[in-house]
Amino acid sequence: MQTLFDTDIQKLKGVGKKRAELFAKLGAPTVGDLLRLYPRDYQDWSEITPIAEAGIDEVCVVRGQVIGPPTEQRIRGGKLMHRCTVTDGEADMKLTFFNNRYIPSLLKEGETYLFRGRVGFTGRTPSMVSPEFAPQDRAAEIVPIYPATQGLATRSIAQAVKNALAMLPDALEDPLPAEVRERHKLCYLGYALENIHFPKTREDLEIARRRLVFEEFLVLQLGLMEIKSGNRQENLHPIPGGFPEDFTRLLPFKLTGAQQRAIAEGVKDMAGPATMNRLVQGDVGSGKTAVAAALCWPVIRSGRQAALMAPTEILAAQHYKSLSGLLEPAGIRCGLLTGGAGAEQRRARQGISSGEIELVIGTHALISEKVEFKELGLVITDEQHRFGVKQRMALAQKGASPHMLVMSATPIPRTLALMAYGDLDVSVLDELPPGRQEIATYLIAPDKRKRAFGYVQRFLDEGRQGYLICPLIEGDESGMISLEEYLPKVRQAFPGVEAAALHGRMKPAEKEQVMSGFARGDTKLLVATTVVEVGMDVPNAAIMLIENAERYGLSQLHQLRGRIGRGKYQSACILISAAKNPESVERLKVFKSTNDGFAIADADLKLRGPGDFFGQRQHGLPQLKIAGTSMDMELLREAQKCARRIYRSGALEGCDHKLLRDEIRRLFEKTGSERIAL
């Protein structure tokens with residue numbers, strides 16, 4: 001198996017240079033990669049439905065004998081059409097094929113075939129249009145469907161895979177040691193590869209899939225453990241002193257138990273023999289910023305600097321406002337760096353390099369070559385899913401083994417957090433500060449928009465402010481509502497009310513002007529895209545209306561809703577959606593029923609699976625090829641336990657695990673990770 005990853009795919013029969021380029025486009029430049037190009041779906045031809053029982057609009061497989069030769073005729077536009085009738089002895093079915101001149105030679109009178117397609121009716125007779133078919137004695141029971149690309153159909157891929165399987169040695173070496181396979185009841189690799197591509201039964205397919213999913217999770221976890229071990233650098237500057245009680249006296253509120261626990265875990269890390277590498281994840285409003293400030297305090301008091309990197313200028317400015325307001329009265333000098341070439345940014349960079357700025361808050365500008373720190377002791381990244389591992393590490397490399405804190409306001413089920421952030425220790429903020437308002441959430445159809453606007457007006461009459469969220473900046477063929485067309489309608493519906501637009505294409509100065517106006521209360525309605533998802537903290541904002549709500553993931557909806565309910569006022573969120581898709585409707589109903597971010601995350605995971613959970617793929621993680629549906633969570637836990645057992649025992653370094661080490665390298669090499677040194 002190992003040598004096949006070094007074997008160019010052109011070694012396969014029927015694969016020339018052009019076709020090899022198409023396979024490379026699918027991520028299969030070698031024979032070994034092709035064997036790991038798993039089917040995205042399967043067609044099951046094993047269940048034969050009697051024609052008389054075939055339900056209208058159902059996709060099914062029927063067995064039928066061709067009655068008479070197919071008839072041919074030309075129809076409008078010069079198209080070719082063939083018709084024939086088949087019978088299973090109990091009932092007949094009419095078949096229609098378009099633009100296939102080979103039908104008369106492929107469907108012979110008196111021969112029996114299997115036909116797979118969607119059932120309709122011609123009069124009272126069941127029918128199919130352009131069904132797939134195969135002779136009954138040659139039809140495979142379960143047919144693989146591959147992720148095809150233009151110029152390379154799924155049948156061509158299947159044939160290439162058959163040729164690749166024929167190249168497997170009889171004594172195929174398995175990267176999973178026999179002890180691991182026996183302990184976890186996993187099949188041999190050769191059996192798994194054969195049956196993931198061409199299973200004879202559903203049971204064979206599930207046995208193969210279970211083995212390959214387990215292997216992928218195991219390899220991922222071992223790789224992340226190796227990265228975490230590599231991150232365990234010697235703590236060159238231990239921060240002693242225990243829990244920062246003097247910092248808590250600065251706060252105008254009392255820390256929650258979860259915040260105190262996260263701070264205690266962080267200060268313990270920073271005082272230990274290795275540098276801190278910790279994720280603090282919590283729901284919207286759970287108080288992550290206070291935890292970050294508490295950990296900055298002892299670092300800066302010890303004479304070193306701290307840096308907080310946020311994904312947007314809006315969020316960076318928000319953090320700067322809150323942290324400088326809290327810490328500067330206590331003598332800690334704060335700075336803001338968001339890029340650009342102005343005098344203010346030059347002064348900020350000078351302050352960072354001289355050490356005058358002790359806590360700098362910024363965007364990606366912090367990792368610019370122009371930025372130098374005097375003595376960086378703590379790196380904090382906020383909304384980590386917006387950054388790549390490389391960006392996090394680039395900022396850390398501006399200091400001598402600084403401590404690292406990662407914050408995420410996207411609640412992630414703990415098991416999935418271990419997969420996504422396996423190179424970090426995890427602290428969870430699972431309780432909200434007292435006083436946070438429960439947000440009432442409503443789901444309505446677009447024809448109720450006028451009534452929804454009336455409801456928004458009631459909040460405005462009480463002196464509150466609100467957000468109106470659109471999915472697009474400009475209109476397109478999708479039919480979704482755009483900010484461009486929505487803003488005039490809002491101004492017409494709310495005469496005399498100051499409304500402003502905010503979106504990602506605006507210049508920084510324009511965004512700042514709009515945000516400041518909203519924060520001051522001059523602007524009453526903010527018509528915006530998801531640019532407000534993070535960083536907007538206006539306690540007077542108490543109403544939100546989200547158009548085309550079905551287009552957002554549950555976690556993103558939760559982030560948006562988190563912009564309201566931040567003050568003392570009762571708040572409400574209105575979802576407007578015309579969705580009819582059962583899955584979309586179910587997601588919106590789940591969101592409507594709870595304000596608990598972790599409950600929403602669990603529901604999102606069940607509905608979409610971890611492969612889609614982050615919206616865009618988690619930057620810095622290798623692409624999983626087969627693991628990822630919600631039913632794999634139990635297998636992930638099992639693989640995590642196995643990975644811990646292998647890693648702690650030191651067995652990964654032994655001869656028995658050489659092939660497993662090769663798989664780890666292969667999985668992580670495409671991420672550009674330089675920390676896998678097996």
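This is a predicted model: local features need pLDDT of at least 70, side-chain atom pairs count only at pLDDT 80 or more; totals for chains, interfaces and linings use all residues.

Reply: A residue is called buried when its relative accessible area is under 20%, exposed when that value is over 50%, and partly exposed in between.

Consider the pair formed by Glu 547 and Arg 449, whose side chains meet in a salt bridge of 2.7 Å, N to O. Glu 547 lies in the loop between β20 (541-546) and α18, while Arg 449 belongs to helix α15 (residues 449-461), so the bridge ties together parts that are 98 residues apart in sequence. Glu 547 has a relative accessible area of 1% and is therefore buried. Arg 449, at 22% relative accessibility, counts as partly exposed.

Helix α18 (residues 554-561) is mostly covered, with seven of its eight residues buried. Among them are Leu 554, His 558 and Arg 561. For the protein as a whole, 54% of the 678 residues count as buried.

Side chains of opposite charge can pair when their charged atoms come close. A search of the whole structure finds 23 salt bridges.

One of the other pairs is made by the side chains of Glu 132 and Arg 116, at 3.9 Å from N to O. This pair links distant parts of the chain, for Glu 132 is in strand β7 (residues 132-135) and Arg 116 is in strand β5 (residues 112-122), 16 residues apart. Glu 132 has a relative accessible area of 31%, so this residue is partly exposed.

A further pair lies within a single helix. Asp 662 forms a salt bridge with Arg 665, and the closest N and O atoms are 2.9 Å apart. Because Asp 662 and Arg 665 are three residues apart in helix α22 (residues 658-669), about one helical turn separates them. An α-helix has 3.6 residues a turn, so residues three or four places apart point the same way. The two partners can also be described by their accessibility: Asp 662 is buried, with a relative accessible area of 14%, whereas Arg 665 is partly exposed at 32%.

Finally, salt bridges can share partners. Such bridges join Arg 36, Asp 174, Arg 181, Arg 211, Glu 215, Glu 663 and Arg 666 into one network.

Notes
Residues are numbered from 1 along each chain as its sequence is written. Side-chain values use heavy atoms; hydrogens and water are left out. Buried means under 20% relative accessible area, exposed over 50%, partly exposed in between (1.4 Å probe, protein chains only). Helices (H or I, at least four residues) and strands (E, at least two) are DSSP runs, numbered from the N terminus. A salt bridge is a side-chain nitrogen of Lys or Arg within 4 Å of a carboxyl oxygen of Asp or Glu.
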